[in-house]
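Here are some notes for a colleague who is opening this model for the first time. Please keep the structure in view while reading the numbered points.

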Amino acid sequence: MKRKNDKKFAFLAYDNAHSNAEKQEVFMAKLLELLTSDVENSLENLTALLACSKEELFAEVCQMEQQGLYFALENNHLYLIPELPLLNEKRLAEALKPYHVVVKPVISSTNQYLLENVAHLKKGDLCLAEYQTAGRGRRGRQWISPFAGQIIMSFYWQLDPRKPLDGLSTVIGLAIVQALVELDMYGFQVKWPNDILVNERKLAGILVEIVNRPNGKLNLVVGIGMNVSLGQEKQIDQPWAELTEFFPHIDREKLIIQMVNTIYRYLARFEQHGIDAEMQQQWLEYDAYLGTEVNVISEKSTISGIEQGINAQGHLCLMTEKGVQYFNAGEVSLRKK
């Protein structure tokens with residue numbers, strides 16, 4: 001349900017300077033869980049369950065509104081207004097069998113949740129969230145997260161430790177664009193190593209983390225954040241896009257199921273054959289910067305050249321004055337010149 005202007009509730013200003021971030025995160029999680037459950041949502045009941053006064057409740061909700069969440073107050077009842085219909089855990093779990101699926105209304109980070117529960121995970125298990133308070137992207141960037149306005153997803157994976165990890169995130173990025181194509185959503189491109197763009201604006205990003213688990217495997221947690229509908233304009237430090245610009249009636253659950261199936265299919269292929277010639281050719285078809293003059297930026301230098309796609313290791317190929325040079329994703333950033 002979309003927020004309507006006449007539904008927005010103007011909460012009381014309240015001095016909350018002495019509340020620490022951890023306390024607010026716990027309060028936020030509890031409140032969102034209550035408002036997305038079957039609990040009676042009158043102010044009297046909510047304040048009793050949260051052990052706070054109405055003034056304290058209003059103050060916390062005011063801060064949450066500033067972070068992009070929407071609320072309404074009607075007949076002394078508080079309502080959370082999600083940007084899009086909420087995900088249904090049972091439907092997703094049924095569609096994605098045999099993988100275990102967890103859907104959280106609010107979480108610090110889906111990657112962190114899997115990292116903390118890795119001892120109980122099986123390959124392919126997933127965690128999704130409607131809102132995360134500490135999402136992070138590549139090179140430590142924070143990922144902005146409105147409530148129920150994105151696909152926020154992490155999954156656990158295992159690889160043979162004898163096989164190289166290079167190019168894994170690139171393959172996942174390619175799989176995401178392919179999943180969109182399979183749902184008849186065209187026009188999206190990959191930016192090396194693992195961003196999804198449309199019209200040179202970022203739609204989605206990927207974060208791969210290595211997990212320490214003594215099982216003889218290379219253990220990974222892969223996080224994906226995709227903008228579906230961000231609502232009001234967010235303060236994001238780069239040009240961004242959202243799916244509803246192009247496909248207003250997007251079904252997040254259908255897209256999640258398609259993405260997971262396509263990503264897992266591509267990962268199985270990657271495990272068997274690496275980045276084969278067909279996959280390299282497919283990257284060229286979706287490459288946002290192919291044939292474009294770009295800068296490859298490291299801590300020590302900036303190298304300019306013409307982007308030429310990727311090789312079998314998933315490394316960026318750059319035609320420079322000195323010939324073709326190759327770059328590993330962990331070492332550099334790519335920018336259009």
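Predicted model: local features only at pLDDT ≥ 70, side-chain atom pairs only at ≥ 80, totals over all residues.

1. Leaving aside residues up to four places away in sequence, S169 touches P193, N194, I206 and V208, where a contact means heavy atoms within 4.5 Å. With N194 there is also a polar contact of 3.4 Å between the two side chains; a polar contact is a pair of N or O atoms within 3.5 Å, of which, within protein, one must be able to donate a hydrogen and the other to accept it, and residues adjacent in sequence count only if both atoms are side-chain atoms. S169 belongs to helix α6, and its relative accessible area is 15%, so S169 is buried. The classes used here are buried for under 20% relative accessible area, exposed for over 50%, and partly exposed in between, with a 1.4 Å probe and protein chains only.

2. Residues are numbered from 1 along each chain as its sequence is written, and side-chain values use heavy atoms, with hydrogens and water left out.

3. On confidence, pLDDT is the predictor's confidence in each residue, from 0 to 100; the protein chain averages 88, and 89% of the residues score at least 70. Confidence is highest in helix α4 (residues 89-95), at a mean of 98, and lowest in helix α1 (residues 21-35), at 82.

4. Of its 337 residues, 53% count as buried. Among contacts between residues at least 6 apart in sequence, 67% join residues at least 24 apart.

5. Which residues lie nearest the centre of the second largest pocket? They are S169, V208, N328, A329 and G330, out of a lining of 21 residues. A pocket is an open set of points on a 1 Å grid over the protein atoms alone, where a 1.4 Å probe fits and protein lies on both sides within 12 Å along at least five of seven lines, and lining residues have an atom within 4 Å of a point. The volume of the second largest pocket is about 380 Å³, taken as the space filled by probe spheres set on the points, which are joined across faces, edges and corners.

6. The lining of the second largest pocket takes at least two residues from each of α6 (168-182) and β8 (201-211), and β8 gives the largest share, 5 residues. By type, the lining divides into 8 nonpolar, 9 polar and 4 charged residues, where Ala, Val, Leu, Ile, Met, Phe, Trp, Tyr, Cys and Pro count as nonpolar, Asp, Glu, Lys and Arg as charged, and the others, Gly among them, as polar.

7. Two cis peptide bonds deserve a look. One joins W192 and P193, with omega about 5°, and P193 lies in the loop between β6 (189-191) and β7 (195-198); P193 is also one of the residues that S169 touches. Another joins K97 and P98, with omega about 10°, and P98 lies in the loop between α4 and β3 (101-104).

8. The loop between α6 and β6 holds D184 and also Y186. Phi of D184 is near 65°, a positive value in a residue other than glycine, and D184 counts as exposed because its relative accessibility is 54%. The side chains of D184 and Y186 make a polar contact of 3.5 Å. Y186 is exposed as well, with a relative accessible area of 54%, and, not counting residues up to four places away in sequence, Y186 touches V181 and F247.

9. A51, in the loop between α2 (43-50) and α3 (54-66), likewise has a positive phi, near 55°, in a residue other than glycine. Is A51 buried or exposed? Its relative accessible area is 69%, so A51 is exposed.

Key: Helix = DSSP H or I, 4+ residues; strand = E, 2+ residues; numbered from the N terminus.
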